[in-house]
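Here are my notes on this model, written as numbered points. Keep the viewer open as you read, and try to find each feature for yourself.

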Amino acid sequence: MSSENLCPCGTGRSYAECCGPLHAGSGPASTAVALMRSRFSAFAVGAAGYLLTSWHPDTRPAELTLDDTIAWRRLQIVDTDAGGEDDTTGVVEFRAQYIHDGSRHILHERSRFERVGGQWHYLDGEIYG
């Protein structure tokens, strides 16, 4: 499989087998980590609509414009707390590498997720450094 077909979230699976179906609305993410990975991939492929629908209704912005000068490159899951298939809340700490204006940057965030109506949603996050 060529690296061009790999999912941006870093699982090593193809986009068509990993986050692509979630972005296409084939079903909800099964865990908070799966939602985190799919949201990273959505930033990487420019799927703003998916980002909005996966955002918690209480904290969702009215609109979202992605900056196409940012290239999202790599996701590292640092830590998780709950967020499994049987949980209602979860926390995922991650580092996301991106390129902006020719320089490499890292976004380090501890994100909170909550299940609403049987689906995981991004609630909010604390950004580090």
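Predicted model: local features only at pLDDT ≥ 70, side-chain atom pairs only at ≥ 80, totals over all residues.

1. As a general point, strands of a sheet pair through backbone hydrogen bonds, either parallel or antiparallel.

2. Next, follow the chain through the turn. S2 and S3 form a hairpin, with two residues between them. Asp101 sits in that turn and has a positive phi of about 55°.

3. Now move on to S3 and S4. They also run antiparallel, and here nine bridges join the strands. S3 and S4 make a hairpin with two residues between the strands, in which Gly117 takes a positive phi near 60°.

4. With those pairs in mind, step back to the whole sheet. How many strands does the open sheet have, and in what order? There are four, in the order S1-S2-S3-S4, with antiparallel pairing. The edge strands are S1 (70-82) and S4, each of which pairs on one side only. From one strand to the next, the twist averages 30°. While you are looking, recall that in a regular strand the side chains alternate between the two faces of the sheet.

5. Which helix packs on the sheet? H2 does, and it touches S1, S2, S3 and S4. The direction of H2 makes about 170° with that of S1.

6. Stay with helix H2 for a moment, where Ala42 is found. Is Ala42 buried or exposed? Ala42 counts as buried because its relative accessibility is 0%, and the cut-off for buried is under 20%. Leaving aside neighbours within four places in sequence, Ala42 is in contact with His23, Ala47, Tyr50, Leu51 and Leu66. Another pair to check is Ala42 and Trp72: they are 30 residues apart along the chain, and their C-alpha atoms are separated by 9.7 Å.

7. The largest pocket has a volume of about 240 Å³. Its lining consists of 13 residues, with Arg39, Phe43, Phe94, Leu107 and Glu109 lying nearest the centre. Helix H2 (32-45), strand S2 (89-100) and strand S3 (103-116) each give two or more residues to this lining. The largest share, four residues, comes from H2. Sorted by class, the lining has ten nonpolar residues, one polar and two charged.

8. The second largest pocket holds about 190 Å³ of space. Among its 14 lining residues, Leu22, Gly27, Pro28, Tyr50 and Gln119 lie nearest the centre. Helix H1 (20-23), helix H3 (48-53) and strand S4 (119-128) are the elements that give two or more residues to this lining. S4 provides the largest share, with three residues. What classes of residue line this second largest pocket? There are six nonpolar and eight polar residues, and no charged ones.

Key
Residues numbered from 1 in each chain as written. Heavy atoms only, no water. 1 Å grid on protein atoms, 1.4 Å probe; cavity = no way out; pocket = protein on both sides within 12 Å on 5 of 7 lines; lining within 4 Å. Points joined across faces, edges and corners; volume = space filled by probe spheres on them. Nonpolar A, V, L, I, M, F, W, Y, C, P; charged D, E, K, R; others polar. Pairing = 2+ DSSP bridges. Axes fitted to C-alpha atoms, helices over the stretch in contact; angles between N-to-C directions. Contact = heavy atoms within 4.5 Å. Buried < 20%, exposed > 50% of the residue type's maximum accessible area, 1.4 Å probe, protein only.
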